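Hello,

Here is the structure I promised to pass on to you. Please have a look at it first, and then read my notes below.

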Amino acid sequence: MSVQYGAISWNRQKKFYDLTLVSLLAAYLGIFVGIGIWRNPNATAETLLIRGFATAAFLSLHVVLCIGPLCRLDRRFLPLLYNRRHLGVTTFILGLAHGVFGLIQFHALGNVNPLLSLFVSNTRYRSLADFPFQALGFFALIILFLLAATSHDFWLRNLSAPTWKRLHMLVYVAYALLVGHVTLGALQSEPSPLLTTALILGVVILVSLHLAAAFREKRVDGTKLQALKDGFVEVCKVDLIPEKRATIVSMSGERVAVFRYDGKVSAISNVCQHQNGPLGEGRIIDGCVTCPWHGYQYKPESGAAPAPFKEKVPTFQVRVVDGTVFIAPHPKVPGTYVEPAPVQSMQEPVG
Ligand code: HEM
Ligand code: FES
């Protein structure tokens, strides 16, 4: 973890983010219920709340899922990513409110336990028209609960970053379950052009953003680097790397961030130890590479976080010859010091 990250554990920016989020949601629910009463004065408050919480949760899930690709495509979206977990937990709370109201409204009036009733009152799993769509919502809610409950860094540390990441990929399963929940449920029982259009638009926007971000990353990964006589590979002209920033290259499937700073060049793995954030999209602040996602920091020469933090990323040997940067293709053990290459290098050409 970084010094900077420690300092932002609960700061003005987070409070502002949460306050904005709560205000937007309160405004959304108010407008939703207001329009609902205006268009259909006979609608009950429970029905309007069930639908208000449902659509707010689904909308918020779309925003959560769009933030990642948006940040990969344009750095100006990074402030949204900073506290994305708060939005994730909020999505769960909204989904929970909707699910509980739904259970009370549709399953609490009989003599069967509402949760049991959810699964036994309709068992036509083979019918598309009468599919028990609520079960899909229930399983999505369980996934959202798992993700919200493990969202804190405590779990990230205890589960390890790769396991945590794999677990949190379940959000896409939850999304697919919810698309099924809405398509087989609300859209069949009460067809609404607005909900149908919103659902299709949501899916199209999400898929397009993910594809665009994936193509962009594939372009980086697909760029073939030229291997030279002693194994070093050519990266780019040093002038193409802005001061205190990096260029990202891919070697043997591993992304490397090559930073230029204070007349020197260093290369470290592009993958942040926190949540795999792209270090090469960050900047050097106070002499440390600073992850653009949550501010973890690493020294560019050693890939080690500044004391007292313990995170380490692999480093790579670097040369600058006649204004061109070369790096060794194989990473050093995480945290290994590598002498930075001076930008005005007097070394012999390697070709
Ligand atoms: C135990 C879990 C759940 C139950 C029992 C449940 C139940 C229901 C029911 C009965 C409806 C139809 C409501 C109506 O037509 O008035 C509905 C619609 C809907 N649900 Fe769920 N649901 C659950 C979980 C979720 C979750 C987790 C989400 C989103 C994060 C969600 C999103 C939606 C949406 C967007 C609709 C359509 C709302 C509309 O008609 O405007 N549901 N759900
Ligand atoms: S600081 Fe969170 S991913 Fe890097």
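Helices here are DSSP runs of H or I with at least four residues, numbered from the N terminus. One thing to keep in mind as you read: this is a predicted model.

Let me start with ligand 1. Helix H3 (45–73), H5, helix H7 (133–149) and H10 each bring at least two residues to the shell around ligand 1. Which helix gives the most to that shell? It is H7, with six residues. In total, 20 residues surround ligand 1, and the closest are Arg51, His98, Phe106, Leu178 and His181. Sorted by class, the shell has 13 nonpolar, six polar and one charged residues.

Next, the iron atom of ligand 1. His98 and His181 coordinate the iron atom, each through NE2, at 2.0 Å. These two histidines link distant parts of the chain: His98 sits in helix H5 (residues 84–107) and His181 in helix H10 (residues 171–184), 83 residues apart. For background, the ideal angles for six octahedral donors are 90 or 180 degrees. His181 counts as buried, because its relative accessibility is 14% and the cut-off for buried is under 20%.

A polar side-chain atom of Arg51 lies 2.8 Å from an oxygen atom of ligand 1. The side chain of Arg51 also meets that of Glu190 in a salt bridge (2.8 Å, N to O). Arg51 is partly exposed at 38% relative accessible area, and Glu190 is partly exposed at 47%.

Arg260 pairs with Glu243 (4.0 Å, N to O); Arg260 lies in strand S3 (residues 254–261) and Glu243 in the loop between strand S1 (233–237) and strand S2 (245–251). Arg260 is buried at 19%, whereas Glu243 is partly exposed at 40%. Asp262 pairs with Lys244 (3.0 Å, N to O). Asp262 lies in the loop between S3 and strand S4 (264–269) and Lys244 in the loop between S1 and S2, so this pair ties together parts 18 residues apart in sequence. Salt bridges that share partners join Glu243, Lys244, Arg260 and Asp262 into one network.

Best wishes

Key. Residues are numbered from 1 along each chain as its sequence is written. Chains are lettered from A and ligands numbered from 1 in the order in which they are written. This is a predicted model: local features need pLDDT of at least 70, side-chain atom pairs count only at pLDDT 80 or more; totals for chains, interfaces and linings use all residues. Side-chain values use heavy atoms; hydrogens and water are left out. Donors are N, O and S atoms within 2.8 Å of the metal (3.2 Å for Na, K and Ca); water is not among the atoms, so sites may look incomplete. Buried means under 20% relative accessible area, exposed over 50%, partly exposed in between (1.4 Å probe, protein chains only). A residue is near a molecule or strand if one of its heavy atoms lies within 4 Å of it. A polar contact is a pair of N or O atoms within 3.5 Å; within protein, one must be able to donate a hydrogen and the other to accept it, and residues adjacent in sequence count only if both atoms are side-chain atoms. Ala, Val, Leu, Ile, Met, Phe, Trp, Tyr, Cys and Pro count as nonpolar, Asp, Glu, Lys and Arg as charged, and the others, Gly among them, as polar.
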